[in-house]
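Here is a short tour for you to follow with the sequence and the coordinates open side by side.

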Amino acid sequence: MQIHWPLVVSTACQRVGLGLFICAFVLGSPVPLSVVAWITLGLLAVGGIASIFHLQRPQRFFNAFSNFKSHLTQEAFITPFLGLALLVCGLNGVLYDLGGATFVAGLVTALLAAAFLVCTGLAYQMGSRPAWNTPFVLALFLLTALEAGMIGVVVLWLASIGAVPALFVGLALAAVVACVICQAAYVNRMRHVGYGVNVNATEAPYRPTFITWVVTGAVVPLLALALVFAVPAAALMLALAAWLACAVGIAAWTVLFFKGAHKVKRFPMYPVDLNLDM
């Protein structure tokens with residue numbers, strides 16, 4: 001499948017930003033939720049600009065609202081409400097004080113963020129692309145958002161007060177491990193999808209992307225997080241390195257995800273039908 005780089009940037013920013021907000025809301029953070037909301041909005045803005053370059057023509061955006069049964073339509077429908085909810089959280093304490101309603105605003109925003117991620121994951125489960133026709137796709141979208149969010153929470157704690165609960169570092173490590181296991185299972189599955197479109201990620205032309213993902217999406221985050229307590233003087237820099245590497249790893253994984261998604265006709269008749277690119 002042809003790599004649409006704006007789409008890679010967009011989906012990576014969405015998972016890093018929304019994962020951060022959800023995890024910060026659920027676990028708590030010394031950084032105010034309003035600040036987290038602005039960080040998330042900034043990442044979504046970058047992703048939104050990238051999406052404009054991906055869609056290219058305005059009518060494509062409006063076409064996304066044409067079929068509500070489509071997960072893409074549902075994602076487009078949630079987007080303005082999610083943006084508004086994040087803005088409400090971001091302005092809390094600046095233009096107004098929600099008081100006891102702060103928790104409600106955060107909960108609504110977190111639920112909309114989760115719904116957005118679910119719709120995005122489901123939108124890629126396509127029968128015409130055997131590699132994507134699996135629940136692994138939704139699990140991967142949610143787990144990558146979770147690992148990015150958990151590492152982001154560790155960064156927030158260290159940047160704010162210079163310390164972080166050991167539990168949160170452990171949860172971040174567990175999230176990375178769970179995500180890597182799921183990604184490895186998906187890579188193995190790509191080798192056996194059939195329809196003449198099996199992909200071995202360790203061979204050309206996928207190998208460079210695969211190695212990039214292994215290094216940035218697995219090795220660096222795990223090593224950096226493990227060293228947070230071993231080298232307390234560099235804990236913040238290590239956590240930032242893990243978070244940045246995680247974001248790059250998500251982007252690299254998305255590239256591999258797209259490269260390995262060859263399209264087939266539902267009822268192939270000729271060899272050429274078995275591997276049709278977009």
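## Thr 209 and its partners

Beyond the neighbours within four places in sequence, Thr 209 has contacts with Ala 252, Val 255, Leu 256 and Lys 259. Bear in mind that this is a predicted model. Thr 209 sits in helix H8 and is buried, with a relative accessibility of 11%. With Lys 259 there is also a polar contact, side chain to side chain, at 3.4 Å.

## How confident is the model?

Average pLDDT for the protein is 87, and 86% of the residues score at least 70. Please take care with residues 269–278, where pLDDT stays under 50. For that stretch the model has 20 contacts beyond four places in sequence.

## Helix H7 and what covers it

Helix H7 runs over residues 166–190, 25 residues in total. From first C-alpha to last it reaches 36 Å, close to the 36 Å expected at 1.5 Å a residue. Its buried residues include Phe 168, Val 169, Ala 172, Ala 175, Val 176, Cys 179 and Val 180. Further along H7, Gln 183, Tyr 186, Val 187 and Met 190 are among the buried residues too.

Val 177 is another residue of H7. Is Val 177 buried or partly exposed? Val 177 counts as partly exposed because its relative accessibility is 38%, and buried would require a value under 20%. Between Val 177 and Glu 147 the C-alpha distance is 8.8 Å, although 30 residues separate them in sequence.

## Two nonpolar cores

The largest nonpolar core has 52 residues, and Phe 21, Leu 82, Ile 151 and Val 154 touch the most other members. Two or more residues each come from H1, H2 (33–55), H4 (71–91), H5 (102–123), H6, H7, H8 and H9. The largest share belongs to H6, with 10 residues. A second, separate core holds 27 residues, including Leu 143, Met 190, Ala 252 and Phe 258.

To see the surroundings of Phe 21, look past the neighbours within four places in sequence: its contacts include Leu 33, Val 36, Ala 37, Thr 40, Leu 86, Cys 89 and Thr 109. Thr 109 lies in helix H5 and is buried, at 1% relative accessible area.

## Aromatic pairs and a cluster

How many aromatic pairs does a search of the whole structure find? The search finds 15. Phe 77 is partly exposed at 39% relative accessibility, and Phe 81 is partly exposed at 44%.

Phe 257 and Phe 258 form a pair with ring centres 5.8 Å apart and planes at 55°, so this pair is tilted as well. Both Phe 257 and Phe 258 are buried. They belong to one aromatic cluster together with Tyr 124, Trp 132, Phe 141, Tyr 186, Phe 210, Trp 213 and Trp 253.

Technical notes: Residues are numbered from 1 along each chain as its sequence is written. This is a predicted model: local features need pLDDT of at least 70, side-chain atom pairs count only at pLDDT 80 or more; totals for chains, interfaces and linings use all residues. Side-chain values use heavy atoms; hydrogens and water are left out. Helices (H or I, at least four residues) and strands (E, at least two) are DSSP runs, numbered from the N terminus. The expected span of a helix is 1.5 Å times one less than its number of residues. Buried means under 20% relative accessible area, exposed over 50%, partly exposed in between (1.4 Å probe, protein chains only). A nonpolar core is a set of buried Ala, Val, Leu, Ile, Met, Phe, Trp, Tyr and Cys residues joined through side-chain atoms within 4.5 Å. Contact means heavy atoms within 4.5 Å. A polar contact is a pair of N or O atoms within 3.5 Å; within protein, one must be able to donate a hydrogen and the other to accept it, and residues adjacent in sequence count only if both atoms are side-chain atoms. pLDDT is the predictor's confidence in each residue, from 0 to 100. Rings of Phe, Tyr and Trp (its six-membered ring) pair if their centres lie within 6.5 Å; planes under 30 degrees apart count as stacked, over 60 as edge-to-face and the rest as tilted.
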